[in-house]
Amino acid sequence: MNALYALIMVLALVIIPLLGAGAAGWHALFGVVLPYLAFTVFVLGFLYRVVKWGRSPVPFKIPTTGGQQESLPWIRQNRIDSPSTKTGTVIRMILEVLLFRSLFRNTRVRLFKDETQLSYGSSKFLWLGALAFHVSFFVILARHMRFFTEPVPALFNWIETLDGIMQVGVPVLFATEIVILLALAYLFLRRVLVPQLRYISLPTDYFALFLLFAIVISGILMRYFVRADIVDIKTLTMGLIQLQPEVPESIGALFYTHLFLVCSLLVYFPWSKLMHLGGVFLSPTRNMPNDNRMRRHVNPWNYPVKLHTYEEWEDEYRDKMKEAGIPVEKE
Amino acid sequence: MYDAGKILIGLVIFLLLLTFPFWYSLGQASYESPELQLPEDSQECIRDTEWMRKNHMQLLDDWRDTVVREGKSVYTGSEGKQYDMSLQKTCMDCHTSKKKFCDRCHNSASVEPYCWDCHVAPEEVANGQQ
C-alpha cells in the first residue's frame, strides 16, 4: 500500500511536465523558472537543516562502538571502530562516508536445525547495493557536468571514458547506468520482499526510490531510445549557468520530464531522509571519539541551576536554629 | 551553533562544489553552440538536419553493422537517394573536415568517438595534420 502511494506520487510528477511542457508548451517555466527555484530551495533548505542540527546540543557522549575501546596497555584497542583519538575518529568518518563501513558490519540472524539453533551470519548485500547505488549516482552526476561547463574539464572526460570503457554500442553504454538500475531494483525489492522491512517501510522510503528510478529511466530513454539533441540542451543548461537563459525550440517533452523530476528531487531533498548526505557528518554516534572514561562530556544543555548551599541556608536561619537549640556549623 | 567552525568549513566546501559550474564560467564569454563548417557543394544531409543531429551516431552504428555483418552497403535515404554506407567515403566526402565539423560538436558535448582510432579523417590526412 505504502509503495502504491509513492508510485502514484511519482507518476503524478511524471505527468505534470508531460502536460505542462509537452502539451501546453510552457518551456520557459519548466526549463528555466523551475530549475532556478529548485536549486534555490535545495541550497537554502540544506543550509537550514545543517545549521539547525548544528544548533542542537548533544547531551550525552554516544559514539557507537564496534570493537575494543582503549583500555589497559596490554589490551589491544580497535583504533578505528572504537577510536579514542581525533585521528582515529577522522579515519572512521572517512571510511563511513566513502565506504559505508557500518553497513559492511551488518549481520543477519537465522534459526536453523528445526528452529532450535540461532546463528548470526554476515550480510553484505545491503552494503553492496548501497555502495553500488551511491558510486553510480556520483559518477552520473560527474558525467552531467559536461552540460554545465565549457570547456569541459578533462577530469569529467576521463570519468566518462572510464565509464564507457566497454565500448558497447553507439552511443556507448555506460556501466553506471546498468549498475544503478540493478542497485535501485535491489533496494526496492529488499523492502518489498523482506517482511520485517516491508512492515517498517513508509511511503517516503519508496518515494525516494521511485523518484530516482524515474530519473534514471527518463535519462536512459533520452540517451538510447528517444534521442534528444544534446547540443541544444547544452545551450539551455549553459544559459542557466551563465544567467542568460535561452530556451531552444527543439527540446522535447522527455527532456523536460527528466529535468522536472530532478527539480522535484532537489526540492524534496532537504526535507527528507535523503539529508543523510549532510547528516552523516553530523552524526554524534560516528563523529565523537569513544573517550568517555578519559574526558568528561558536559551536557551543553545543562541549565545553569541556581544553587542555594547549606552554608547560605545556615547563614539565613542561624539565629532561629540557635534559639531552637539545633547545632550549627559556624558560630 | 556547536562546533560552528567545523560545520561552517564543511558548508563552505559543499557550497563551492555545488556552485562549481557558476564560478567556473565566471569571466568566460557567453556560451555559443558550436559553429560548424557545413558542406558548400550540397544542401542537405542524408536525412533531415534535425534527425541527423539527434541520431547520426545510431545511423553510423546501423551502417557499420549492416556493412560488416550483412555485407550490404547501399543505404536509401528518406528522399529515395542512395548512399554507400561508409563513414569515410560518404559522411566525410561531404563533411570534409573532421576538426571543423564533427569535433566542434563533440568537444562541446564531451564525447570522443573511438571510431577514429581506426578510421581516418580525409582532410586532416591530406593536409598532413594527423
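**View 1. His258(A) is tucked away in chain A.** His258(A) counts as buried because its relative accessibility is 11%, and buried here means under 20% relative accessible area, with exposed over 50% and partly exposed in between (1.4 Å probe, protein chains only). This histidine sits in helix α11, residues 253–268; helices (H or I, at least four residues) and strands (E, at least two) are DSSP runs, numbered from the N terminus. Its side chain makes a polar contact of 2.8 Å with the side chain of Ser218(A), and it also reaches the backbone nitrogen of Gly219(A) at 3.4 Å. A polar contact is a pair of N or O atoms within 3.5 Å; within protein, one must be able to donate a hydrogen and the other to accept it, and residues adjacent in sequence count only if both atoms are side-chain atoms.

A quick note on what you're looking at: this is a predicted model, where local features need pLDDT of at least 70 and side-chain atom pairs count only at pLDDT 80 or more, while totals for chains, interfaces and linings use all residues. Residues are numbered from 1 along each chain as its sequence is written, chains are lettered from A and ligands numbered from 1 in the order in which they are written, and side-chain values use heavy atoms, with hydrogens and water left out.

**View 2. Arg105(A) pairs up with Asp81(A).** These two form a salt bridge, with their closest N and O atoms 3.3 Å apart; the term means a side-chain nitrogen of Lys or Arg within 4 Å of a carboxyl oxygen of Asp or Glu. Arg105(A) lies in the loop between α4 (101–104) and β1 (107–112), and Asp81(A) in the loop between α2 (27–55) and α3 (86–99), so the pair ties together parts of chain A that are 24 residues apart in sequence. Arg105(A) is partly exposed at 40% relative accessibility, whereas Asp81(A) is buried at 7%.

**View 3. Arg286(A) meets Glu96(A).** Here's another salt bridge between side chains, at 3.8 Å from N to O. Arg286(A) belongs to helix α13 (residues 284–287) and Glu96(A) to helix α3, so to speak distant parts of chain A, 190 residues apart. Arg286(A) is buried with a relative accessible area of 18%, and Glu96(A) is buried at 11%.

**View 4. Over in chain B, Asp103(B) holds on to Lys98(B).** Their side chains meet in a salt bridge of 3.1 Å, N to O. Asp103(B) is buried, at 16% relative accessible area, and Lys98(B) is buried too, at 10%.
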